[in-house]
Amino acid sequence: MEVEEKLIKKLGSGSLDFESYFSEKAMEMKASEIRELLKLVESSDVISLAGGLPAPETFPVETIKAITEEILKTHADKALQYGTTKGFTPLRLALAEWMEKRYGIPMSKVEIMMVAGSQQALDLIGRVFIDPGDIVVVEGPTYLAALNAFKYYDPEFLSIPMDDDGMIVDILEEKLKELKAEGKKVKFVYTVSTFQNPAGVTMSLKRRKRLIELAHEYDFLIVEDSPYSELRYSGKPIPPIKHFDDEGRVIYLGTFSKIFAPGFRLGWIAAHPHFIRKIEIAKQAVDLCANPFAQVIAWKYVADGHLDEHIPKIIEFYKPRRDAMFEALEEYMPEGVRWTKPDGGMFIWVTLPEGVDTKLMMEKAVAKGVAYVPGEAFFAYRDVKNTMRLNFTYVPEETIREGVKRLAEVIKEEIKALKG
Ligand SMILES: *Cc1c(COP(=O)(O)O)cnc(C)c1O
């Protein structure tokens with residue numbers, strides 16, 4: 001039990017009817033059940049393939065130390081003062097330059113705004129674009145924290161299935177036609193286009209181009225959330241959807257969380273200035289500005305070339321872990337189990353035979369000493385039960401092998417029980 005809950009219990013109910021003060025919106029909020037599940041895992045000697053955290057070994061501690069000392073000498077006035085809502089301009093410029101160089105997104109076409117992690121961008125996008133009942137397209141499965149951020153604004157989710165090439169854009173097109181016939185349209189499509197969380201897959205070039213065409217044809221926006229695109233271990237880079245955006249329909253989200261340190265809580269939005277202007281007003285009411293201290297450090301980190309030097313080191317650290325998981329899955333998993341083969345990112349998505357419920361199976365897995373994230377919660381309508389997300393970045397290769405081996409045992413028994 002969490003400290004907080006223990007304290008609530010100890011204090012007793014007293015005279016206040018605490019629940020009665022909450023807003024209707026607050027009453028709808030629920031703690032993430034995944035977090036609850038994972039609490040089980042933390043204390044024991046269970047191998048957790050459930051995590052979603054970058055490996056702390058990849059944090060550039062020494063560089064951060066040196067930069068911090070330097071900026072406290074030279075930029076303390078900026079770093080310790082309130083900043084503008086849009087963010088520290090030298091950092092915004094450095095990122096614009098970086099995105100032009102890496103992704104071919106012309107600096108002249110986008111405005112960059114700093115946020116407290118992409119998570120804040122997701123919430124701000126909800127505030128600025130979603131009216132109750134608006135149709136928001138998501139991938140099935142999609143990023144759980146995006147579902148939770150958008151949900152507050154009461155959209156209607158339309159979940160589009162994926163294959164190895166990402167969102168099946170043909171299915172989206174069919175749905176768009178149907179909606180049009182009913183006089184309805186989509187507000188925006190949310191996609192984690194590269195090395196998706198949770199599925200690990202990447203939207204193909206062809207589908208990216210088609211999606212942009214459809215956005216034009218059916219008049220919707222695209223929110224491209226891309227925290228993993230730099231973490232590529234094999235294959236050739238594909239330009240972001242934003243690269244093909246001539247009209248300003250794509251709102252691109254970047255973050256320092258997976259290529260630097262999530263503790264900085266720093267991300268950015270790259271979008272048409274017209275959209276940025278409104279998002280800026282929304283952010284002002286939320287927290288005035290993103291952490292200036294973090295922004296000034298991040299500026300030095302990007303502008304002095306540390307980021308470009310650091311990314312290959314992260315890749316070198318994660319690639320053997322991904323390969324170890326591939327090998328272990330190949331070696332241990334029984335017939336009927338399928339998994340994605342990501343060229344990058346942090347996750348592999350596993351699909352078990354129809355009939356297996358990975359949420360129910362979790363207790364048995366933990367008893368055998370391994371944990372994963374059941375896939376159900378990643379679907380807007382929780383209608384798929386036989387999938388799971390595995391993380392390969394947090395634990396070392398040997399542990400990954402042992403974890404997958406244990407997991408395969410549990411799955412074999414489950415399949416046997418299903419047949420018997
Ligand atoms: C990790 C992750 C992020 C990053 O969120 P921050 O708030 O920037 O830490 C965003 N989107 C997805 C899909 C992620 O997996």
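Predicted model: local features only at pLDDT ≥ 70, side-chain atom pairs only at ≥ 80, totals over all residues.
Two packed helices are described by the angle between their axes and the distance between the axes. Helix 7 spans residues 118-129 and helix 11 spans residues 273-287. Their axes come within 9 Å and cross at roughly 110 degrees. Because angles of 65 to 115 degrees count as roughly perpendicular, helix 7 is roughly perpendicular to helix 11. The crossing of these two helices is right-handed. On the side of helix 7, the contact is made by Q120, L124, R127, V128 and F129. These residues meet F275, K278, I279, A282, K283, V286 and D287 of helix 11. Sorted by class, the contact of helix 7 with helix 11 has seven nonpolar, one polar and four charged residues.

The second pair consists of helix 9, residues 169-181, and helix 10, residues 205-218. The axes of helix 9 and helix 10 come within 10 Å, and the crossing angle is roughly 10 degrees. Since angles under 35 degrees count as roughly parallel, helix 9 and helix 10 are roughly parallel to each other. Helix 9 contributes V169, L172, E173, L176, K177 and K180 to the contact, and the residues they meet in helix 10 are R207, R210, L211, L214 and Y218. The contact of helix 9 with helix 10 divides into six nonpolar, no polar and five charged residues.

The contact joins K300, Y301 and V302 of helix 12 to H306, L307 and H310 of helix 13. By class, three nonpolar, two polar and one charged residues make up the contact of helix 12 with helix 13.

The ligand is surrounded by 13 residues. The closest of them are D225, Y228, T255, S257 and K258. Distances to oxygen atoms of the ligand can be given for Y228, S257 and K258. A polar side-chain atom of Y228 lies 2.6 Å from a ligand oxygen atom. For S257, a polar side-chain atom likewise lies 2.6 Å from an oxygen atom of the ligand. A polar side-chain atom of K258 is placed 3.5 Å from an oxygen atom of the ligand.

The peptide bond from G140 to P141 is cis, with omega near 5 degrees. P141 belongs to the loop between strand 3 (135-140) and helix 8 (144-151). A cis peptide bond also runs from N197 to P198, where omega is near 15 degrees. P198 is located in the loop between strand 6 (186-191) and helix 10, a helix that also takes part in the contact with helix 9. The remaining position is D154, which has a positive phi of about 60 degrees although it is not a glycine. D154 lies in the loop that runs between helix 8 and strand 4 (156-163).

Conventions
Residues numbered from 1 in each chain as written. Heavy atoms only, no water. Axes fitted to C-alpha atoms, helices over the stretch in contact; angles between N-to-C directions. Helix = DSSP H or I, 4+ residues; strand = E, 2+ residues; numbered from the N terminus. Parallel < 35°, antiparallel > 145°, perpendicular 65-115°, else oblique. Left-handed = near helix turned anticlockwise from the far one by under 90°. Contact = heavy atoms within 4.5 Å. Nonpolar A, V, L, I, M, F, W, Y, C, P; charged D, E, K, R; others polar. Near = heavy atom within 4 Å. Polar contact = N/O pair within 3.5 Å; in protein donor to acceptor, adjacent residues only side chain to side chain.
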